[in-house]
Amino acid sequence: MTRTIMQVVPVTFTYPVHFTNRLFDPAHPLLQHTLAGADRAKVLCVVDDGVLAAHPQLATQIGAYFAAHPELHLVAPPLPVPGGERCKRDPGHVERVRAAINAHGIDRHAYVLAVGGGAVLDMVGYAAATAHRGVRLVRVPTTVLSQNDSAVGVKNSVNAFGKKNWLGTFAPPYSVLNDRSFLTTLEDRDWLGGLSEALKVALLRDAAFFGWLEANAPVLAARDLGAMDHAVYRCAELHLAHIATGGDPFEQGSSRPLDFGHWAAHKLESLSGYELRHGEAVAVGIALDCTYAALSGLLPEEDWRRIVNVLLALGLAVYVPELGDDRQDAADPTSVLSGLNEFREHLGGRLTIALLSGIGRPLDVHDMNHDTLRRAVTVLRDVQAGVPTTPLQGDPWLPTPTPAC
């Protein structure tokens, strides 16, 4: 005889995503309100060393903030860790954060305050989620990409076995504190690269937002902070809406629309030795998948032209040497096409790739024709070089010139 108890555990996660300025000004109450509790709150702060270099007074400012709020206890000076993918490739950095959590008695009623770009937040989040089975993580993202995408979600991860995000957890943050002042010191590459995620979610969920990005590409490329404020906020809002309403917040299925363009992007990052930044790789991945969809008759050529024009107007490449040429073999691990199988392995189950049938109209496919992908690579190489090309039937096409700012 078989006896079964069917367990159902409904769980609701709630966390705020704030947008503010000058977070570490002692007169600003947001951080104090976030961390204050019944007892003196213990806080371990971990900071991206690239952010410390761009803001030399930041460690002093953090110390001054906590000194001005005695109900908060900063257990040690901010712990610096390498920024970018370096911190996700070396397991020693995770162990340093875990060791600090242990040494300073950070428990489930204390906080880890992570300040940095998306890679640092991923790594620190993984350490926090696996200490005591999860301690409270407060994220302070400092790049466009982390503020509009990676920091607002529920994933934490590090790289392993030469693959991006192979180790990780699903653990929602306690709070996310977006401080626009950090964006002002970003290199152009990071300012522009983060916009690829805004373009991605607009193409998937909001044609009107795509239209806004299209119209405002010149001012965004010219580093208009007001325009970037809107782009970051709307992008984060759309990501949060998808996580909450998409039906699969912890990615138990095989369909992950928010990974549009990412199967190629992750492989391109690896092939470049992570010299190619995530946002830059996502831009190329979006261009590749949109070109493939146009060549396959799924995406109208007019929409394809608009998408590629916006990428170029934002100063984002649609082709990089790591994308290869029309002779590559999917069985070759140095070919971007091998990223399809790696993506399938990461998802589990059947290969599922998000493509577009129009702007704001996603669809899933389960196979991608390698010959068509090779042709798409050739098209993008020509587009990047300014060579007239006809991906479908029609007149030769060149990118629309970017209006003068």
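Me: In what kind of crossing does α10 pass α14, left-handed or right-handed?
Reply: This is a predicted model, in which local features need pLDDT of at least 70 and side-chain atom pairs count only at pLDDT 80 or more, while totals for chains, interfaces and linings use all residues. Residues are numbered from 1 along each chain as its sequence is written, and side-chain values use heavy atoms, leaving out hydrogens and water. Helices (DSSP runs of H or I, at least four residues) are numbered from the N terminus. A crossing is left-handed if the near helix is turned anticlockwise from the far one by less than a right angle, and right-handed if clockwise; α10 passes α14 in a crossing that is left-handed.

Me: How does α10 lie relative to α14, roughly parallel or roughly antiparallel?
Reply: Axes are lines fitted to C-alpha atoms over the stretch in contact, with angles from 0 to 180 degrees between N-to-C directions. The axes of α10 and helix α14 (residues 301-313) come within 9 Å and cross at roughly 25 degrees. Angles under 35 degrees count as roughly parallel, over 145 as roughly antiparallel, 65 to 115 as roughly perpendicular and the rest as oblique. The angle therefore makes α10, relative to α14, roughly parallel.

Me: Which residues of α14 make the contact with α10?
Reply: Contact means heavy atoms within 4.5 Å. From α10, the partners are Phe 210, Glu 214, Ala 217 and Ala 221. On the α14 side they are Arg 306, Ile 307, Val 310 and Ala 313.

Me: And how are α10 and α11 oriented to each other?
Reply: The axes of helix α10 (residues 207-221) and α11 come within 10 Å and cross at roughly 150 degrees. That crossing is left-handed. The two helices are therefore roughly antiparallel.

Me: What is α9 in relation to α11, oblique or roughly parallel?
Reply: The axes of helix α9 (residues 195-205) and helix α11 (residues 225-245) come within 9 Å, crossing at roughly 50 degrees. Because of that angle, α9 is to α11 oblique.

Me: What area is buried between domain 1 and domain 2?
Reply: Domain 1 (17-182) and domain 2 (189-236 + 252-403) divide the chain, with bounds from an automatic or database domain assignment. In contact are 15 residues of domain 1 and 24 residues of domain 2. Buried area is the accessible area (1.4 Å probe) that two parts lose on being put together, summed over both. Carbon and sulfur atoms give 61% of the area buried here, which is about 1700 Å².
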